[in-house]
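Dear colleague,

Please find below the structure that I am handing over to you. My notes on what was found in it follow directly after.

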Amino acid sequence: MTNVSSFEPNVTESFEPQVTEIFVSNVPYITAPVRVHCQSEDDDLGVRTLERKEKFDFSFRQNFWGNTHFYCAFSWGLKNNAFDVYFKRKSPCRFKFPMKDIYCTWLVKESGFYFARTSDPNPSPSDFRFVYPWL
């Protein structure tokens, strides 16, 4: 039994679950690669180039105020789109009261962007739903 008066939590621990954003290219082989540029107000993750079946991911914990905001711009040949990948109440990768780590997987296809939010880093094909078209 832990004596409450002597309990000192590890300051590196976080009570917020970890969120992992995963981007997977599933465009046809004989085409241009997909370019992904993700950033927040504080962090620019740079431009990533994804060939077919390649992936890019990053992880974070929501900040104390609950307003963590990541957005990404995508381009593929002449097509493009940009949207929030994580922001409270405004993106598919959102939650009210998370109790465990979550994985937000974005599958980039010729027809657009498909999304799955799971507690497993390897979602099944049935977990995905269409969310955004290419512009």
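Glu41 counts as exposed because its relative accessibility is 73%, and the cut-off for that class is over 50%. Please bear in mind that the model is a predicted one. Glu41 lies in the loop that links S2 to strand S3 (44-50). Together with Asp42, Asp43 and Asp44, Glu41 forms a negative surface patch.

As for the chain in general, 37% of its 135 residues are buried. Its secondary structure consists of 9 strands and 0 helices, so that the order of elements from the N terminus reads β-β-β-β-β-β-β-β-β.

Strand S5, which spans residues 70-76, deserves a description of its own. One face of S5 is covered and carries Phe70, Cys72, Phe74 and Trp76.

S5 pairs with strand S2 (residues 34-39) in the antiparallel sense, over 5 bridges. Within this part of the model, Tyr71 of S5 is the bridge partner of Gln39. S5 is also joined to strand S6 (residues 79-86), again antiparallel, by 7 bridges. Here Ala73 has Ala82 of S6 as its bridge partner.

S5 and S6 form a hairpin with 2 residues between the strands. In this hairpin, Gly77 adopts a positive phi near 60 degrees.

With kind regards

Key:
Residues numbered from 1 in each chain as written. Predicted model: local features only at pLDDT ≥ 70, side-chain atom pairs only at ≥ 80, totals over all residues. Heavy atoms only, no water. Buried < 20%, exposed > 50% of the residue type's maximum accessible area, 1.4 Å probe, protein only. Helix = DSSP H or I, 4+ residues; strand = E, 2+ residues; numbered from the N terminus. Pairing = 2+ DSSP bridges. Patch = residues over 30% accessible without salt bridge, like charges linked within 9 Å, V, L, I, M, F, W, Y side chains within 5 Å. Areas by Shrake-Rupley, 256 points an atom, 1.4 Å probe, with all protein chains shown as cover. Salt bridge = Lys/Arg side-chain N within 4 Å of Asp/Glu carboxyl O. Lys, Arg positive; Asp, Glu negative; His and termini not counted. Charge placed at Lys NZ, Arg CZ, Asp CG, Glu CD.
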